[in-house]
Amino acid sequence: MNDGRSIPDHQPGDDESVVPLASDAHAPGDGNTQKEDTTRELVQLCLLPGLGPRTLTSLLDVFGSARSILNADKSSLASVHGVGPKMAHVIDTADDHVDIEDVFAWCAAKDVNILRRGQASYPAALEELDDAPPLIFCRGSILPRDTVSVAIVGTRHATAYGLQQTRRIAMDLARAGVTIVSGLARGIDTAAHRAALEAEGRTIAVLGGGLGKIYPAENAPLADEISQHGSVISEYAPMAQPRGGMFPQRNRIIAALGQATLVIEAPMRSGSLITARLASELGRSVGSLPGQVNSRASQGCHHLIRDGATLVQHADDVLELLGPLSGNVSRATATDGGEAVRDGREMTLNEVERQVLFAVGTSGTAIDEVTIRSGLPASRVNAIVSILEMKRFVRRLSGQYVSRI
């Protein structure tokens, strides 16, 4: 069995649904793309050495399905931009490079699901990538509530300050219902995942190698725990050994999955800065934690702030980065209520505070009306309005009227 792919053809830098494993369900892609494919055929293509997502997308655009690509003659394959004779030969001899039976047997034994692009179980956020992985291997679950997410990244060589701040902010975010996304690396990534688990929240780990080759090895128990309270995912073959070029590649997935990205500590040549750049290119908000001016571990963070990233001190600052949550995210996916989330910071409020907040309009609402709408005693409403005012959710227009900010 091939134990991985060569470095994919796109490298951006330098440093509650599952899919049955043998599913032949058709993906609802555009046009004829993948309409005839089985998951088996797509896996075989995706795991071929040297065939990255951009070139595979070009092949699918020309041939329409993985099955047609595998059945095409070498001359037709070689004529596709980015393929050439060498890659055409690899595709033509696909059975020699990928032991599909071995891959599926491993996935079944380890309870790993294969999520195909275009299916409901595939994370919608990844569809925004030009080179979205056609499939990902997933151990654990990706739930609708994971749409409310923040990527937390930073150096492997974290300082005590960085680890302490990561734990503080990640725990507060997880308690607010935010899913923490990171890369399972040493340092900041590990601290972010552990903090989310400690807060009994959800977290997603994106690997720079296969699910069967957890790196670093000492984080294998952590990966097991994450799979019970979130998911561990990879676009690489299960037994693919992690290599340098894979980590910048996986950073695009981290950037896409997080609605905002927070860089905790990063020297000037850090992969975390790649993640921040990719997040910005995707239209995501980027925040950065400042450190001491002479701290090498924070120099990259300071440059991010200088270049326009939001200075972050507390979890509330990160929640503000989420702003009006995008798409169809609602209180139902975030905190099991029915009201729409206008500002990520709302997830830090308790149920009674939210009850009063949702009774307040944007153009001004009488306190008596807020009392009626919320169903709470007038004295309690007044006290909670004062709390919401201090937290900058509402402002008083007069002694008797209040409006949302």
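Mentor: Start with burial. In this predicted model, the buried residues of helix H1 are Thr39, Glu41, Leu42, Val43, Gln44, Leu45 and Cys46.

Trainee: What makes those residues of H1 buried?

Mentor: The cut-off is under 20% relative accessible area. Each residue on that list counts as buried, so each falls under 20%.

Trainee: Why is H1 called mostly covered?

Mentor: Count the residues. H1 spans 39-46, and 7 of its 8 residues are buried.

Trainee: Which angle does H1 make with helix H7?

Mentor: About 110°, with the axes 10 Å apart. H7 covers residues 100-110.

Trainee: Why is H1 called roughly perpendicular to H7?

Mentor: Angles from 65 to 115 degrees count as roughly perpendicular. The value of about 110° lies in that range, so H1 is roughly perpendicular to H7.

Trainee: Which residues make the contact?

Mentor: H1 gives Thr39, Arg40, Val43 and Gln44. H7 gives Ile100, Glu101, Val103 and Phe104. They divide into 4 nonpolar, 2 polar and 2 charged.

Trainee: Now the sheet. What is its strand order?

Mentor: E1-E2-E6-E5-E4-E3-E7-E8-E9, an open sheet of 9 strands with mixed pairing.

Trainee: What makes E1 and E9 edge strands?

Mentor: Each pairs on one side only. E1 is 112-116 and E9 is 310-311.

Trainee: How do you know that E3 and E7 pair?

Mentor: Pairing needs at least two bridges. E3 (residues 149-153) and E7 (residues 260-263) are joined by 4 bridges, so they pair. The two strands run parallel. Val150 stands opposite Ala260 in E7.

Terms used: Residues are numbered from 1 along each chain as its sequence is written. This is a predicted model: local features need pLDDT of at least 70, side-chain atom pairs count only at pLDDT 80 or more; totals for chains, interfaces and linings use all residues. Side-chain values use heavy atoms; hydrogens and water are left out. Buried means under 20% relative accessible area, exposed over 50%, partly exposed in between (1.4 Å probe, protein chains only). Axes are lines fitted to C-alpha atoms, for helices over the stretch in contact, and angles run from 0 to 180 degrees between N-to-C directions. Angles under 35 degrees count as roughly parallel, over 145 as roughly antiparallel, 65 to 115 as roughly perpendicular and the rest as oblique. Contact means heavy atoms within 4.5 Å. Ala, Val, Leu, Ile, Met, Phe, Trp, Tyr, Cys and Pro count as nonpolar, Asp, Glu, Lys and Arg as charged, and the others, Gly among them, as polar.
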